[in-house]
Amino acid sequence: MTTRREWLQRMLAAGALAVLDPRAAFGGDSTKAGLITRAIPSSGERLPIIGLGSSATFAQVARSEDAAALRAVLARMVELGGTVFDTAPQYGASEEVAGRIVQELGIGKQLFWATKVNVARRGGAADPAEARKQLEASFRRVGKPVIDLVQVHNMGDVRTQLPLLREYKEKGRVRYVGVTTTFENQYAELIETMRSERLDFIGTDYAIDNRDAENTILPLARERGISVLVYAPFGRTRLWRRVTGRKPPEWAAEFGASTWAQFFLKYAASHPAVTAITPATSRPDNMADNMAAAFGQLPDEATRKRMIELVDALPAA
Ligand SMILES: NC(=O)c1ccc[n+]([C@@H]2O[C@H](COP(=O)([O-])OP(=O)(O)OC[C@H]3O[C@@H](n4cnc5c(N)ncnc54)[C@H](OP(=O)(O)O)[C@@H]3O)[C@@H](O)[C@H]2O)c1
């Protein structure tokens, strides 16, 4: 008979293997076997729960002109079944460098390319002609005739820029539209926009130690049939600082998490309103670690509570 300890050890080994290659641990020979996906409410199209973001370290490396690591990161994500790539013209060289890599690797069709528009400065008005110019530049960078998702970045003049995105959607050049923010002082406007506009997507911050979105934004997204992209699932560097020198608990193996990244991502992924999470990374090994969170089990409600208790007891960052 297998003891609980032996079973946990086996699960941990599977988790460790999953960091190297999630398919080896959970998948069989098809890339997407065992991959957790969620439906976009407005269409039913399914997306893998883990993707890739491109601000933070990704943007730093994009700036450094040595794109080899980023090429490996994007290639690794696609190889492991990921599709969602979140970028913005505001992320320095990220959109341009990633667009070039995608064209060189010929993976444009496999990706769900999510970019943003915002030409409004500091809460001011957006010039529609300038916004169009920014959008056209995004099309050129990725070289796709149709972009999967464009969102109004940081709630910038939504009254001007959202109708413009709708126009692109009606012409078939953009498949989905939405709005984003990770700023607390914009949550009220985000909520109001979710209530009053027809949105396919929103993008907002949500992490195990940043659960405000659970109060109104995530339930409202479910009620209104809006997809949610989760940003900053590690609180950028905050959660990493909080767990420095600590190992994830052994019981995390019960839901297939062998690393802190998988622990944090599986927490966010287990909220039913979440469609996909886009952690940023500049490292192919971290990309594989993150993709491993898209395989295996997700924590149930009781386990989510246990996870919160553990994280709430960690030192502040
Ligand atoms: N308003 C908006 O539209 C908005 C705002 C914020 C964010 N976003 C989007 O959401 C994405 C994610 O947010 P974020 O980049 O701010 O923060 P994040 O994803 O919470 O954290 C990124 C940090 O985590 C590290 N990391 C990633 N995977 C790791 C792993 N497996 N193990 C250890 N460290 C790991 C990265 O460093 P390494 O490179 O060393 O892996 C980087 O320092 C952004 O890149 C962007 O695409 C959008």
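Is arginine 175 buried, partly exposed or exposed, and what is its relative accessibility? Arginine 175 counts as partly exposed, at 32% relative accessibility. The structure shown here is a predicted model. The largest nonpolar core has 88 residues. The salt bridges number 19.

**Nonpolar cores**

- The largest nonpolar core takes in 88 residues.
- Leu74, Met194, Ile202, Ile208, Phe263, Phe264 and Met291 have the most contacts inside this core.
- Helix H11, residues 260-269, gives the most to the core, with eight residues.
- Phenylalanine 264 touches several residues beyond its neighbours within four places in sequence. These contacts are Ile208, Pro233, Phe234, Leu239, Trp240, Val243 and Val311.
- Another core, of eleven residues, lies apart from the largest one. Among its members are Tyr176, Phe201, Tyr231 and Ala276.
- In soluble globular proteins, nonpolar side chains tend to be buried together.

**Salt bridge: arginine 175 and glutamate 45**

- Among the 19 salt bridges is one between the side chains of arginine 175 and glutamate 45, at 2.5 Å from N to O.
- The pair links distant parts of the chain, 130 residues apart.
- Arginine 175 sits in strand S7, residues 174-181. Glutamate 45 sits in the loop between strand S1 (37-39) and strand S2 (46-48).
- Glutamate 45 has a relative accessible area of 24%, so it is partly exposed.
- Both residues also belong to a network of salt bridges, which links Glu45, Lys144, Asp148 and Arg175.

**Salt bridge: aspartate 86 and lysine 116**

- Aspartate 86 and lysine 116 form a salt bridge, with their closest N and O atoms 2.7 Å apart.
- This pair links distant parts of the chain, 30 residues apart. Aspartate 86 is in strand S4 (residues 84-86), and lysine 116 is in strand S5 (residues 112-117).
- Aspartate 86 is buried, because its relative accessible area of 3% falls under the 20% cut-off.
- Lysine 116 is buried as well, with a relative accessible area of 1%.

**Salt bridge: arginine 304 and glutamate 214**

- A salt bridge joins arginine 304 to glutamate 214, and the closest N and O atoms are 3.1 Å apart.
- Arginine 304 lies in helix H13 (residues 301-312), while glutamate 214 lies in the loop between strand S8 (201-205) and helix H9 (217-224). The bridge therefore ties together parts that are 90 residues apart in sequence.
- Arginine 304 is buried, at 5% relative accessibility. Glutamate 214 is partly exposed, with a relative accessible area of 22%.

**Positive phi angles**

- Alanine 56 is not a glycine, yet it has a positive phi of about 50 degrees.
- Alanine 56 is placed in helix H3, residues 56-63. With a relative accessible area of 44%, alanine 56 is partly exposed.
- Aspartate 157 also has a positive phi, of about 35 degrees, although it is not a glycine.
- The place of aspartate 157 is the loop between strand S6 (147-152) and helix H7 (158-170).
- Aspartate 157 counts as buried because its 18% relative accessibility is under the 20% limit.

Terms used
Residues numbered from 1 in each chain as written. Predicted model: local features only at pLDDT ≥ 70, side-chain atom pairs only at ≥ 80, totals over all residues. Heavy atoms only, no water. Core = buried A, V, L, I, M, F, W, Y, C linked by side-chain atoms within 4.5 Å. Buried < 20%, exposed > 50% of the residue type's maximum accessible area, 1.4 Å probe, protein only. Helix = DSSP H or I, 4+ residues; strand = E, 2+ residues; numbered from the N terminus. Contact = heavy atoms within 4.5 Å. Salt bridge = Lys/Arg side-chain N within 4 Å of Asp/Glu carboxyl O.
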